[in-house]
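Have a look at the model first.

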Amino acid sequence: MNTADQILFLLKTRGPQTAQQLAALLDLTSMGARRHLEGWQEKGLLSTEDRADKVGRPARYWCLTEAGHARFPDRHADLTLQLLEQVRSLFGEAGLEKLISARETSSEALYRARLATSPALEDKVTHLAQARDEEGYMAEVQPAADGALLLIENHCPICAAARVCQGFCRSELEVFQRVLGPDCTVERAEHALAGARRCVYLIKPV
């Protein structure tokens, strides 16, 4: 991955950053980072916002535009939407629910197999994140307060499908709870479809 692409990746996974922050992460000069940022801005992939972080001049933050987010894989969104509309047209909402249920069953079986040898909650969440990362969700795990864990998904490869059928999101939350077991609770703390930059699940031991 070249430096320019690394900048897009960091903005995707970490959210808005200043040129100075990106320069420090990539061992560049601020001027070097700014050149890359301005290049992407000219192509319509980045925009800026000024924030008054401290007393004095506002800091300029760089963030991905909709076109910038589209640079990341979306699992052939147009085809997916067409298929969903055809299922809805031919079989109604009941047919769509059957489709979601079939996907849920398949995903649950895959995740259970990956978590089978992990008795500890932290290990389970780590293996779940690895499985989701392989599916294109750019997933990672971070510790939270009181022994809780955050399962963070920086990208949603099925976002287009989830926008027209929110059952996909409901289904994923339920699958996570079942595969992680009764010793924890799973709740969605951030939701991309509600306007957040990413999806975040808060997993608390019971």
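Predicted model: local features only at pLDDT ≥ 70, side-chain atom pairs only at ≥ 80, totals over all residues.

Q: How are α2 and α3 oriented to each other: roughly parallel, roughly antiparallel, roughly perpendicular or oblique?
A: Helix α2 covers residues 19–26 and helix α3 residues 30–42, and they pack at an angle of about 110° with axes 8 Å apart. Angles from 65 to 115 degrees count as roughly perpendicular. The two helices, α2 and α3, are therefore roughly perpendicular.

Q: How do the residues of the contact of α2 with α3 divide into nonpolar, polar and charged?
A: On the α2 side the contact is made by A19, Q20, L22 and A23, and α3 brings in S30, A33, R34 and L37. Sorted by type, these residues are five nonpolar, two polar and one charged.

Q: Is T13 buried or exposed?
A: T13 sits in helix α1, residues 3–14. Beyond its neighbours within four places in sequence, T13 is in contact with M138, E140, N154 and R197. Buried means under 20% relative accessible area. At 12%, T13 therefore counts as buried.

Q: What is the relative accessibility of I152?
A: I152 belongs to strand β4, residues 149–153. Not counting residues up to four places away in sequence, I152 touches M138, A139, E140, Q142, R198, C199 and V200. I152 counts as buried because its relative accessibility is 0%.

Q: How far apart in space are I152 and R178, C-alpha to C-alpha?
A: In sequence, I152 and R178 are 26 residues apart. In space, the separation of I152 and R178 from C-alpha to C-alpha is 18 Å.

Methods. Residues numbered from 1 in each chain as written. Heavy atoms only, no water. Axes fitted to C-alpha atoms, helices over the stretch in contact; angles between N-to-C directions. Helix = DSSP H or I, 4+ residues; strand = E, 2+ residues; numbered from the N terminus. Parallel < 35°, antiparallel > 145°, perpendicular 65-115°, else oblique. Contact = heavy atoms within 4.5 Å. Nonpolar A, V, L, I, M, F, W, Y, C, P; charged D, E, K, R; others polar. Buried < 20%, exposed > 50% of the residue type's maximum accessible area, 1.4 Å probe, protein only.
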